[in-house]
Structure formats: structure tokens, C-alpha cells
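Have a look at the chain below before reading on.

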Amino acid sequence: MPTHTRAVAFTAVAAAGLALATAVAGPAGAAPGAAASAQPKPKFLSASQLPPHPSSAWTAGKVTDGVPDELRFCLEDILPGYDSRYRQFWTDLDTGARQLTFVVGSNTKAKALAAGLKKEIRSCAARAEQSDPEVEATLRSYGTLPVEEGASVYGLHTETSWGANDIHLLSVGRDGKAVTVVDWGQMGGFADAPVKAFKKTTTTAVNKLY
């Protein structure tokens with residue numbers, strides 16, 4: 001990613017010292033990637049499928065094993081034990097996005113994982129405030145989408161006493177054994193969030209899994 005690009009993802013949380021370790025454990029008793037290796041790899045969003053930016057094109061990074069640092073705080077309790085892949089996206093300004101995808105062994109496990117991810121997102125604002133009194137965080141639910149096995153969309157706004165002000169849109173969707181999380185973020189508040197376009201992006205992301 002270009003050095004001039006601002007990594008926009010829970011800036012207030014990171015600044016408050018809430019970044020987590022970068023290692024994610026693999027499934028107990030299995031080599032990394034063993035659970036998902038026998039299954040087809042789901043497809044990822046392309047840069048053109050992100051919510052349009054008014055003054056900058058999106059650039060897509062390579063699909064990479066692991067979890068993007070920007071999602072670790074909100075999803076910390078659900079991550080260990082799952083193999084995952086992700087793709088980062090960025091613009092020339094202050095807007096960034098990422099897609100994180102898991103493939104598990106059964107539909108039942110995928111359903112439980114999706115439920116766990118949504119639970120973690122719903123509690124993220126409260127955990128951010130509990131971790132640092134200088135942070136104010138607000139979560140909004142933007143409902144569900146009728147795509148494959150369903151997707152849920154949320155908005156998360158964080159603001160600090162020293163002036164950091166960031167808005168994120170997050171979604172969790174599932175298609176069979178695959179679960180994906182999409183995150184979009186930039187400086188600003190709820191009024192700056194392209195909710196309609198993000199819902200379209202989420203629908204595309206879930207449809208593209210298989």
C-alpha cells in the first residue's frame with residue numbers, strides 16, 4: 001500500500017492502545033489451512049465493487065492469508081481457531097475498506113461463526129468505551145439483506161477526546177460454508193456513510209463467494 005495512504009480502520013480504537021497481536025491461531029491439531037484446503041476458495045470483491053468514492057478510484061490489494069489488523073479489536077474473541085483470507089482496498093484519500101472471508105467444515109459451523117461475528121460487532125462499541133474513557137463509540141444496525149443465507153449490516157462511529165472521528169460500515173454474510181466480513185471506513189460521522197452503496201457491496205460480496 002502506498003505510504004501516503006491513510007489506513008482508516010478504527011483509528012480512535014487503535015490510538016487508544018487497543019490494537020491486538022497479529023498472530024491468529026489455526027485449528028487445534030491441524031496444519032494451517034488444512035480445514036479449508038479441500039474446499040473451493042471463495043472469490044473476493046474487486047475494487048470497482050466498493051462504494052464509489054467522489055474523488056478517488058479504489059485500489060485492491062492481493063488476497064492474503066490471515067486477518068487485517070483493522071478488524072482485530074472488534075472480532076478478537078471469535079478469531080482464534082479459524083483460517084481466513086482477506087483483501088485490503090484503499091483510495092488516494094482517507095477512505096479504506098477490507099474483506100475478510102472464512103471457509104469452515106459445515107453449514108452448521110458457518111452459521112455459528114456468522115452469529116459469533118455479528119455478536120462481536122454488536123458489542124464492539126461498548127468494549128471500546130470500556131477499554132478507554134477517552135473514546136465514545138456508537139453502533140447502529142442497518143438491518144439484514146436477503147442474499148444467500150443472509151447478511152447483516154452495521155455502522156460504528158468512534159470519537160475521542162483528542163479529536164479523532166471515524167465512521168465504519170461493517171457487514172457479515174454467509175453462503176453455505178463460507179462467511180465473509182466487509183468493512184468500509186473513513187473520517188466522519190453517520191451522515192458521511194454510504195449505507196445504500198455499502199449494502200450493494202455486501203450483496204455482491206456474498207453472491208461472489210461461490
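## A salt bridge to start with

Which residue forms a salt bridge with Glu120? The partner is Arg127, and the closest N and O atoms of the two are 3.7 Å apart. To count as a salt bridge, a side-chain nitrogen of Lys or Arg has to be within 4 Å of a carboxyl oxygen of Asp or Glu. Glu120 is buried at 10% relative accessibility, and Arg127 is buried at 14%. (Buried means under 20% relative accessible area, exposed means over 50%, and partly exposed is in between, using a 1.4 Å probe and protein chains only.)

## What you're looking at

This is a predicted model, so local features need pLDDT of at least 70 and side-chain atom pairs count only at pLDDT 80 or more, while totals for chains, interfaces and linings use all residues. Residues are numbered from 1 along each chain as its sequence is written, and side-chain values use heavy atoms, with hydrogens and water left out.

Searching the whole structure turns up six salt bridges. One of them pairs Asp69 with Arg72, with the closest N and O atoms 3.2 Å apart. Arg72 counts as buried, at 5% relative accessibility.

Another joins the side chains of Arg98 and Asp183, at 2.4 Å from N to O. Arg98 lies in strand E4 and Asp183 in strand E8 (residues 178–187), so this pair ties together parts that are 85 residues apart in sequence. (Helices, H or I with at least four residues, and strands, E with at least two, are DSSP runs numbered from the N terminus.) Both Arg98 and Asp183 are buried. Glu70 joins in as well: Glu70, Arg98 and Asp183 are linked in a network of salt bridges.

## The disulfide

There is one disulfide here, counted as a pair of cysteine sulfur atoms within 2.5 Å. Cys74 and Cys124 make the link, with 1.8 Å from S to S. Cys74 is in helix H3 (residues 72–75) and Cys124 in helix H4 (residues 107–131), so the pair links distant parts of the chain, 50 residues apart. The torsion about the S-S bond is about -85 degrees, so the disulfide is left-handed. Cys74 is buried, with a relative accessible area of 1%, and Cys124 is buried at 1% as well.

## A pair of rings

The whole structure has one aromatic pair. The ring centres of Tyr82 and Phe102 are 6.0 Å apart and their planes are at 80 degrees, so the pair is edge-to-face. (Rings of Phe, Tyr and Trp, with its six-membered ring, pair if their centres lie within 6.5 Å; planes under 30 degrees apart are stacked, over 60 edge-to-face, and the rest tilted.) Tyr82 is partly exposed at 25% relative accessible area, whereas Phe102 is buried at 1%.

The chain averages a pLDDT of 85, and 81% of the residues score at least 70. (pLDDT is the predictor's confidence in each residue, from 0 to 100.) Over residues 1–9 the pLDDT is below 50, and over residues 11–36 it stays under 50. Where pLDDT is low, the predicted coordinates should not be read in detail.

Terms used
Contact means heavy atoms within 4.5 Å.
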